[in-house]
Amino acid sequence: MLLGWKWLAVILLAPLLRKFVRSRQAGRPVVDMQGVRSRVASAREPATIAGLVAVVAVLICCCGALLAAGVTALLLSPQWLGGVLVAVAALCALGAVPEVRGIRRGLHARRLRLHGDDVTHELDGTPPR
């Protein structure tokens with residue numbers, strides 16, 4: 001069974017081995033750590049914004065469900081339960097405020113960083129990405 005997969009391992013690992021050997025012979029590092037760090041930093045920013053959007057979406061859904069249950073309970077059954085549910089929905093809505101501000105701050109910072117990168121590329125004479 002292992003022999004049947006040998007060709008796949010050779011096809012996948014051979015280019016990596018060649019790159020490793022060639023870069024070692026040339027005296028260069030195998031992995032460009034500066035490039036890896038910049039890619040990780042550029043991927044972290046949208047991931048943070050997406051995470052905040054997901055948190056806000058969950059809070060809005062919870063707030064809507066609690067509000068619907070609270071209003072229904074206020075109109076039909078024990079009013080104290082409806083009041084409690086509406087109050088919890090209000091607290092849930094207040095909990096979403098810092099997350100929304102974080103999204104706005106993150107988008108603004110990203111916009112400023114991208115504009116700064118464009119200006120830097122323009123001044124360097126290199127084409128923008």
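**View 1. The whole chain of the predicted model.** Of the 129 residues in the chain, 13% are buried, where buried means under 20% relative accessible area, exposed over 50% and partly exposed in between, with a 1.4 Å probe and protein chains only. The structure is a predicted model, in which local features need pLDDT of at least 70 and side-chain atom pairs count only at pLDDT 80 or more, while totals for chains, interfaces and linings use all residues. Residues are numbered from 1 along each chain as its sequence is written, and side-chain values use heavy atoms, with hydrogens and water left out. The chain contains 3 helices and 0 strands; helices (H or I, at least four residues) and strands (E, at least two) are DSSP runs, numbered from the N terminus. Read from the N terminus, the order of elements is α-α-α. The accessible surface of the chain is about 10200 Å², and carbon and sulfur atoms hold 71% of this surface; the areas come from the Shrake-Rupley method with a 1.4 Å probe, and for residues only the protein chains shown count as cover. Among contacts in the chain with a separation of 6 or more, 49% join residues 24 or more positions apart, a contact being heavy atoms within 4.5 Å.

**View 2. Helix α2 and its buried residues.** Helix α2 covers residues 33-76, which is 44 residues, and reaches 64 Å from its first C-alpha to its last, close to the 64 Å expected at 1.5 Å a residue. The expected span of a helix is 1.5 Å times one less than its number of residues. Its buried residues are G35, E45, I49, L52, V56, C63, G70 and A73. These buried residues of α2 pack against α3 (79-124).

**View 3. Helix α3 and the residue that follows.** Helix α3 has 46 residues and reaches 68 Å between its first and last C-alpha, close to the 68 Å expected at 1.5 Å a residue. Buried in α3 are G82, A89, C92, A96, G102, I103, G106 and H121, and what covers them includes α2. Just after α3, G125 takes a positive phi of about 90°.

**View 4. The packing of α2 and α3.** Two packed helices are described by the angle between their axes and the distance between the axes. For α2 and α3, the angle is about 160° and the axes are 8 Å apart. Axes are lines fitted to C-alpha atoms, for helices over the stretch in contact, and angles run from 0 to 180 degrees between N-to-C directions. The two helices are therefore roughly antiparallel to each other, a label for angles over 145 degrees; angles under 35 count as roughly parallel, 65 to 115 as roughly perpendicular and the rest as oblique.

View 5. W80 is placed in helix α3 and counts as exposed because its relative accessibility is 63%. From A109 to E45, 64 residues apart along the chain, the C-alpha separation is 9.4 Å. V100, in helix α3, counts as partly exposed at 37% relative accessibility. The C-alpha atoms of V100 and V56 are separated by 6.9 Å, although these residues are 44 residues apart along the chain.
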